[in-house]
There are 2 protein chains.
Amino acid sequence: MPTLQEMPLEELRHHERELVQKYKALRGRNRNIDMTRGKPSAEQLDLSNDLFTMVSRDSYLGDDDVDYRNYGAQAGTPEAKAFFAEWLGVPAKNIFIGGNSSLQLMYDVLLRAMLFGVPGGDRPWRDIDGVSFICPIPGYDRHFKVCETLGIKMIQVALLDDGPDMDAVEGLVAENPEIKGIWCVPKYSNPSGIVYSPNVINRLAGMTTAAPDFRIIWDNAYAVHNFDGNLAEIDDIHALASRAGHADRPLLFASTSKVTFPGAGIAVVAGSDRNIDDIVRHTTIATIGHDKLNQLRHVRFFGNINGLKQHMAKHGALLRPKFAAVDEAMQKAFSGKDIAQWVAPKGGYFVSVDLLAGCAAETVRLADEAGVKLTPAGSCHPYGKDPHDRTLRLAPTYPTLSEVEQAMEIFCVSAELACTRKLLAQG
Amino acid sequence: MPTLQEMPLEELRHHERELVQKYKALRGRNRNIDMTRGKPSAEQLDLSNDLFTMVSRDSYLGDDDVDYRNYGAQAGTPEAKAFFAEWLGVPAKNIFIGGNSSLQLMYDVLLRAMLFGVPGGDRPWRDIDGVSFICPIPGYDRHFKVCETLGIKMIQVALLDDGPDMDAVEGLVAENPEIKGIWCVPKYSNPSGIVYSPNVINRLAGMTTAAPDFRIIWDNAYAVHNFDGNLAEIDDIHALASRAGHADRPLLFASTSKVTFPGAGIAVVAGSDRNIDDIVRHTTIATIGHDKLNQLRHVRFFGNINGLKQHMAKHGALLRPKFAAVDEAMQKAFSGKDIAQWVAPKGGYFVSVDLLAGCAAETVRLADEAGVKLTPAGSCHPYGKDPHDRTLRLAPTYPTLSEVEQAMEIFCVSAELACTRKLLAQG
């Protein structure tokens with residue numbers, strides 16, 4: 001069978017008619033499936049239900065018999081810091097524990113950078129003309145929204161199979177002091193699922209930047225979220241940057257949102273002594289500390305890092321068939337047609353698909369009409385604008401396996417129909 | 001007996017020697033009592049231990065069977081909004097629920113005002129020369145620290161027995177567009193315990209301000225915290241300001257920090273539609289919502305506003321004897337000597353004492369040497385500087401009743417000794 005591009009026009013017209021038939025039949029089933037966001041399923045949440053009994057009226061004391069019901073522990077409880085220190089591979093003194101959202105911690109760091117500046121800089125970022133961040137593409141829409149809201153310009157570089165295009169990154173940051181940082185999701189990246197290579201991480205840690213106060217926002221949201229094979233290991237950006245003389249460069253973020261309960265988890269930021277001192281100094285003004293009882297719940301629930309890994313293996317077992325279903329559906333539908341490209345991820349929460357240029361938004365529209373909500377086209381690009389209208393993000397974790405299978409059937413027909421029509425329109 | 005001021009010098013010297021004897025005897029007992037901060041005691045925290053069982057693996061669903069373990073409800077859950085709406089006397093749509101700290105909500109509102117501005121203003125506050133806030137004195141040190149950190153100048157006005165000196169406030173805000181707001185703790189004020197009168201609240205709501213984007217930070221931290229007599233009622237600033245055409249002026253804050261657990265409570269902000277829309281618009285960028293399970297715990301624990309009031313009556317019963325002990329100790333020690341002024345509060349967490357000018361810091365030093373830690377002198381003033389070195393804040397909630405009695409004995413002797421020496425030095 002020829003690829004759709006190679007298909008004679010008459011045959012392509014016939015193919016379109018067949019697809020329309022299929023599409024209408026699927027649409028007639030009145031589905032209502034949401035594949036927009038990276039939400040854990042109810043079954044995944046059930047894995048953490050023991051959290052509910054981890055603290056009680058008889059067990060609210062922390063280390064040294066401190067009453068965690070009361071004020072205190074502004075940067076986090078000692079046991080929570082110790083736990084996340086092992087998770088993130090940094091000393092406990094380099095940990096700050098926040099509320100339930102690591103995005104909030106990232107937003108706060110950048111908001112304060114705009115108003116106050118950061119250690120190593122000589123002024124607030126807001127006072128820097130054209131203050132910019134590098135955004136590897138495809139990326140995470142919420143990262144981009146933070147930049148957009150704060151007035152930080154976004155400079156796009158390609159996210160390759162082993163991380164950002166480092167030749168491009170190094171060239172940009174060496175020349176432009178107004179480039180103050182880069183967004184990184186180093187493991188099972190959102191949305192493409194790639195893992196940063198040792199070489200990329202080493203270059204990020206050691207590169208020369210014109211800005212003395214350059215920051216890597218190291219959003220390790222999927223640090224322990226493998227579902228296919230062994231957990232990927234990535235190099236230690238904190239240690240590498242310190243060794244290269246850039247200890248203040250990386251800020252590491254993680255959370256338990258997709259580990260326990262997104263609505264009631266724990267978020268954490270790690271960094272150099274200077275960075276953590278700066279965070280503590282600022283946040284001391286705003287709060288006497290975050291929810292210590294919830295920190296205690298989590299530490300007791302996991303026990304230790306091995307407990308965390310065993311827990312994540314259960315998540316993986318629930319997620320594996322869903323991601324397999326996504327891959328199989330696309331293999332079956334797109335094979336040999338040369339209209340879609342993707343890499344089956346081994347962890348994380350998403351699958352990124354590149355369709356023929358000009359077909360992403362139409363695919364989302366068609367799928368929506370047939371009862372499947374997808375993340376809007378453009379969401380993997382700054383300002384929601386994909387210049388090629390090509391990249392889509394699939395989020396198969398929340399629906400049931402059966403729903404994922406139904407949704408993928410609709411997605412694949414929608415995508416192929418959009419691509420076929422695009423080719424027909426191009427003659 | 002003459003007041004100390006009237007005492008002949010020789011007699012005063014003799015009095016000092018007697019006080020030194022007493023002081024040394026007390027110091028010799030090696031006490032270690034902390035009266036620095038407004039922390040609930042362990043017995044108070046025990047009143048809320050049923051919180052631990054309010055949600056479980058069988059009861060995590062909210063209204064409409066929404067799974068509160070997962071993402072969502074960015075501005076708060078419907079039932080928590082409804083509960084706080086009744087508490088604060090505003091419609092539920094005018095409520096935003098945050099994490100565990102109302103101070104954090106206040107800080108965030110002002111931080112964003114500095115960087116982005118607020119509804120009704122034409123620019124970020126940071127771009128306004130000499131941007132200022134009115135600070136009624138004595139006031140809350142953490143409020144002042146927020147201003148200091150954000151670069152907001154502080155203009156002091158007197159806090160009288162019925163609220164801020166409104167003649168001074170009205171004069172200032174009418175003339176100066178760079179004055180963007182005022183801090184208010186309207187009920188059982190921190191630290192003096194006074195309650196704002198209807199007249200003061202009406203004038204705050206209706207006054208003409210040169211700044212179109214003037215904000216009242218209405219920190220109703222002690223809204224339900226009476227321990228002596230009926231709960232004080234204050235007028236509805238939200239309704240009054242709306243009626244006067246200044247709906248956006250007040251931002252109301254409350255929390256359960258001193259109601260349930262300071263380390264794991266719920267904080268809330270209320271305001272006009274425009275203010276809440278603005279808060280939602282900004283916070284949407286940073287978080288997908290705060291801890292919904294904890295919101296559910298709290299709503300179930302209280303049941304309704306009557307449940308809250310019954311709960312607070314138990315707090316009151318624990319606090320009453322401690323505040324009575326403070327008052328009795330000072331009555332006994334200072335009566336007729338004309339060296340200390342205070343008003344016994346009927347709610348809240350503090351007693352504010354004015355000593356002879358120049359005696360506050362020395363009193364804190366003497367008490368500290370004798371084993372009683374007090375809030376530093378100056379903490380009720382901006383920048384920690386009391387120009388008269390006169391005002392001290394006593395925080396008797398956390399120590400046991402016996403400790404409060406011991407601490408007050410030491411405080412009273414320390415204060416009288418400091419005042420006596422001051423009078424001797426003045427000849």
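## Where the chains and domains meet

In this predicted model, 41 residues of chain A are in contact with 41 residues of chain B, where contact means that the C-beta atoms of two residues, placed from the backbone, lie within 7 Å. On the chain A side, α2 (42–46), α4 (102–116), α5 (141–150), α9 (273–286) and α10 (292–302) of chain A each give two or more residues. α4(A) gives the most, with six residues. Helices here are DSSP runs of H or I with at least four residues, strands are runs of E with at least two, and both are numbered from the N terminus.

Now for the inside of chain A. Chain A splits into domain 1 (9–45 + 309–425) and domain 2 (61–303), with bounds from an automatic or database domain assignment. The C-alpha centres of these two domains of chain A sit 30 Å apart. Across the boundary, 26 residues of domain 1 of chain A are in contact with 29 residues of domain 2 of chain A. On the domain 1 side, α11 (305–334), β11 (351–355) and β13 (391–394) of chain A each supply at least two residues, and α11(A) has the largest share, seven residues.

Here is the make-up of both sides:

Residues are numbered from 1 along each chain as its sequence is written, while chains are lettered from A and ligands numbered from 1 in the order in which they are written. Local features need pLDDT of at least 70 and side-chain atom pairs count only at pLDDT 80 or more, but totals for chains, interfaces and linings use all residues.
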